Amino acid sequence: PSVMGGQAELWLYDTYGQTFPTNDCPPGGHSIQVKSAPNCAWTEGWASYVSLFIDDDPLLVDTTDNIVVDFEDDLDFVFWDEGDEVEGRITASLWDFSDDSSEDDYNGNFNNDVWDTFERQNDDTFPEYWTAWKTDHTSSEEDDALLALAQNTIYYKEVNCNDGVDEDEDGYTDCSDADCIEGSTSQNGFCCGSGCSTKGGTCID
């Protein structure tokens with residue numbers, strides 16, 4: 001994986017016009033499991049993802065942390081740090097974007113759901129990539145992808161409107177969050193009123 005990871009970073013460098021996001025990795029090193037920094041998490045998470053994609057195998061052997069991770073089994077990383085500054089969380093999200101497994105809410109493929117967005121513009125961080133990704137996909141695909149991200153503890157929208165948790169950390173929880181009011185019908189748990197549910201249902205505003 002370290003050889004392929006290096007090749008993936010070279011791939012990123014060439015695609016970005018022979019530039020590279022500023023290295024903000026901690027001086028003491030980085031880890032797949034631990035929060036590092038925005039640019040570091042993106043470049044290292046991308047590199048690990050490409051290793052998985054080339055092998056067509058969700059199993060990653062991390063010799064730095066001396067662990068083996070199955071990115072189809074979220075129990076393998078349930079105790080990791082959370083959020084989009086954790087390289088392993090980014091790796092898992094990209095894997096979920098491009099696999100066709102039923103364990104997450106988004107079923108996609110490499111070209112349409114990872115590479116096309118990556119190739120057309122330069123990103124320093126995963127949030128920048130996500131912003132570009134949304135413009136390449138439908139609102140329905142975005143809703144499904146938001147749940148796949150949430151499965152990997154990356155929250156860009158309130159994803160459960162009945163759990164007492166402010167997932168996207170915008171100061172509004174559940175039905176107080178505008179994300180939870182999506183019109184007459186609701187998909188993927190964006191639902192408030194007496195029809196509020198974890199997944200699907202009818203909104204009664």
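1. Which helix is Tyr13 found in? Tyr13 belongs to helix H1, residues 2-15. Helices here are DSSP runs of H or I with at least four residues, strands are runs of E with at least two, and both are numbered from the N terminus.

2. A quick word on the source. This is a predicted model, where local features need pLDDT of at least 70 and side-chain atom pairs count only at pLDDT 80 or more, while totals for chains, interfaces and linings use all residues. Residues are numbered from 1 along each chain as its sequence is written, and side-chain values use heavy atoms, with hydrogens and water left out.

3. Now the overall layout. The protein has six helices and two strands, and reading along the sequence gives the pattern α-α-β-β-α-α-α-α. Of its 205 residues, 47% count as buried. Buried means under 20% relative accessible area, exposed means over 50%, and partly exposed is in between (1.4 Å probe, protein chains only).

4. Back to Tyr13, which is partly exposed with a relative accessible area of 32%. Together with Leu10 and Phe20, Tyr13 makes a nonpolar surface patch of about 260 Å². Patches take residues with over 30% relative accessible area and no salt bridge, joining like charges within 9 Å and nonpolar side chains (Val, Leu, Ile, Met, Phe, Trp, Tyr) within 5 Å. The accessible areas come from the Shrake-Rupley method with a 1.4 Å probe, and for residues only the protein chains shown count as cover.

5. Have a look at the salt bridge, meaning a side-chain nitrogen of Lys or Arg within 4 Å of a carboxyl oxygen of Asp or Glu. The count comes to one. Arg120 pairs with Asp136, and their closest N and O atoms are 3.0 Å apart. Arg120 sits in helix H4 (residues 110-120) and Asp136 in the loop between helix H5 (126-135) and H6, so the pair ties together parts that are 16 residues apart in sequence. Arg120 is partly exposed at 45% relative accessible area, and Asp136 is partly exposed too, at 33%.

6. The second largest pocket has a volume of about 210 Å³. Its lining includes Glu82, Gly83 and Asp84, then Thr153 and Ile154, and also Asp166 and Glu167. By type, the lining divides into four nonpolar, two polar and six charged residues. On a 1 Å grid over the protein atoms alone, a pocket is an open set of points where a 1.4 Å probe fits, with protein on both sides within 12 Å along at least five of seven lines, and lining residues have an atom within 4 Å of a point. Grid points are joined across faces, edges and corners, and the volume is the space filled by probe spheres set on the points.

7. Pro38 is in helix H2 (residues 38-55) and is partly exposed, at 31% relative accessibility.

8. Ala145 in helix H6 (residues 139-151) is buried, with a relative accessible area of 0%.

9. Finally, two loop residues to check by eye. Gln18, between H1 and H2, has a positive phi near 60 degrees and is exposed at 54%. Asp56, between H2 and strand E1 (59-62), has a positive phi near 50 degrees and is exposed at 65%.

Technical notes:
Nonpolar A, V, L, I, M, F, W, Y, C, P; charged D, E, K, R; others polar.
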